[in-house]
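Trainee: I have a model open and would like to go through it with you. Can we take it piece by piece?
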Amino acid sequence: MSKVSQDHIFQAGVVGSGGAGFPTHVKLSGKADTVLINAAECEPLLHKDKEVLRAYADGVVEGLAIAMHLVGAQRGVIGIKGKYEDVIALLRSKVAKNMEIVPLRDAYPAGDEFILVYDCLRRVVPPGGIPLAVGAVVINVETALNVAQSDHQPVTDKFLTVAGAVANPVTLRVPVGVTLEQCVAAAGGPTVPDANYMVGGVMMGWLENNHQALVDKTTGGIVVLPDNHIVIRRRRQDWNQIARIGRSACDQCSYCTELCPRWLLGHPIEPHRAMRSLGFNLVGEANVIGTSFCCECNLCSLYSCPEDLDPKNVCTQNKRRLAAEKRRWQDPPFEPRRAELHLENRKAPMHRLFHKLGLTQFENKGPLEEKPIQTHRVGIKLKQHLGVACEAVVAVGERVRKGQLVGRVPVANGKPALGAPVHASIEGTVTKIDDGVVWIEA
């Protein structure tokens, strides 16, 4: 096995590539009996994880073995949708005896790490906890690959899917710091004149109006949609519209709660009760405090609600307000047996989600284009991770090589702050350092 250490992983700038960008060296500093690779990838139209597994199976399995060694785990698990039979067959020829593959249903949100832990391990992460609380560490497919390469290669490239209203849906390998528009162009460009970019997916991603925004280590995909698409119309609703419509139309049917993944795991979140906060001041009540446990998967708003209301945004508004007021449920009720009784029968099938979201008109594919796209200019953000921003260690006019450190994690009291260093993704000259971005031109 490679002698990759936590320091290698830190110096290479490895962070979670499928979420908030939590620094991986910190995650792998804990102790667990199982490491779980999240290959579920349940965002509609995205294919990055499956394509990376198919092309770099050896590296991902090596990354899993390294992670297991670092946390002291005796068991490694790869959770992947059972429909990808060719990828599963490939993996079975490569995994070690203490590793296994768990085929998953084609449902949403299979990629939520709490759901994944239950589906693969039959363990329920408690409210407010993390998988480590039940002896598990979860990392993304691309993160595992970056871990395997960390002793000789920092993170300078990113895999992402470009899908939706584009000429050629594809999974790309791009230098960190290219623009979203460059990625869409590499997919043949948009097929609609009014192209909108959903970054990260249509369910948990965001509508990015700036098409010159930069790809960073966490960018997993771009879904291009026209102005009149239901997903775009929903995302453009402001809070006043959401609150006014919800206050007048919610009939407390409770479908949002009955299909809520976190409620089904036994957590004390009930979105239909949170909807009552639109008409009454119930912030102090337990049912509203329970919105602190919302995972923001958007299933309630974009799938469950028969009135097309927005319980997710109501939950997140309450969630943010409760956090600002430092309100927490100190000893939340927890009914883990609910998962055993109801979870399997209440998952949202992907084909139904596609229909509900109006995505069946788009090709659901994203083959990997292994050759990285070429660019003459990149912008390396100094904050591409959870934690604090890096400090630039290069100067304007300085010549840098690909993989060279351009931003380091600040040190406080002799220890690095929470974060991960960033590196040049192309060879060139630093032309500008502005607004938290190091600009490099070839």
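Mentor: Start with T24, which is placed in helix 2 (residues 24–27). Helices here are DSSP runs of H or I with at least four residues, strands are runs of E with at least two, and both are numbered from the N terminus. This is a predicted model, where local features need pLDDT of at least 70 and side-chain atom pairs count only at pLDDT 80 or more, while totals for chains, interfaces and linings use all residues. Residues are numbered from 1 along each chain as its sequence is written, and side-chain values use heavy atoms, with hydrogens and water left out.

Trainee: Is T24 buried or exposed?
Mentor: T24 has a relative accessible area of 3%, so it counts as buried. Buried means under 20% relative accessible area, exposed means over 50%, and partly exposed is in between, using a 1.4 Å probe and protein chains only.

Trainee: What does T24 touch?
Mentor: Leaving out residues up to four places away in sequence, T24 touches I9, V14, V15, G16, T143 and V147. Contact means heavy atoms within 4.5 Å.

Trainee: Moving on, how many residues of helix 3 are buried?
Mentor: Six of the eight residues in helix 3 (residues 48–55) are buried. They are K48, D49, K50, E51, V52 and L53.

Trainee: And why is helix 4 described as largely enclosed?
Mentor: Because twelve of its 15 residues are buried, helix 4 is largely enclosed by the rest of the structure. Among the buried ones are A57, G59, V60, V61 and G63.

Trainee: What is the span of helix 4?
Mentor: Helix 4 (residues 57–71) reaches 21 Å from its first C-alpha to its last, close to the 21 Å expected at 1.5 Å a residue. The expected span is 1.5 Å times one less than the number of residues. Just after helix 4, G72 takes a positive phi of about 75°.

Trainee: Now the core. Which residues have the most contacts inside the largest one?
Mentor: V162, C183, I222, L225 and I440, in a nonpolar core of 97 residues. Helix 6 (residues 113–121) gives the largest share of this core, seven residues. A nonpolar core is a set of buried Ala, Val, Leu, Ile, Met, Phe, Trp, Tyr and Cys residues joined through side-chain atoms within 4.5 Å. A second, separate core has 42 residues, including V52, A57, L64 and M68.

Trainee: Where does E391 sit?
Mentor: E391 is in strand 14 (residues 391–392). At 38% relative accessibility, E391 is partly exposed. E391 touches V406, G407, R408 and P410, again without residues up to four places away in sequence.

Trainee: Which charges sit over rings?
Mentor: The charged end of R262 sits over the ring of F114, 3.8 Å from its centre. R338 lies over the face of W263, 4.1 Å from the ring centre. The rule asks for NZ of Lys or CZ of Arg within 6 Å of the ring centre and within 35 degrees of the ring normal.

Trainee: Last topic, the whole chain. How many helices and strands are there?
Mentor: The protein chain has 18 helices and 21 strands. Of its 442 residues, 58% count as buried. The C-alpha atoms fill a box of roughly 60 × 50 × 50 Å along the principal axes.
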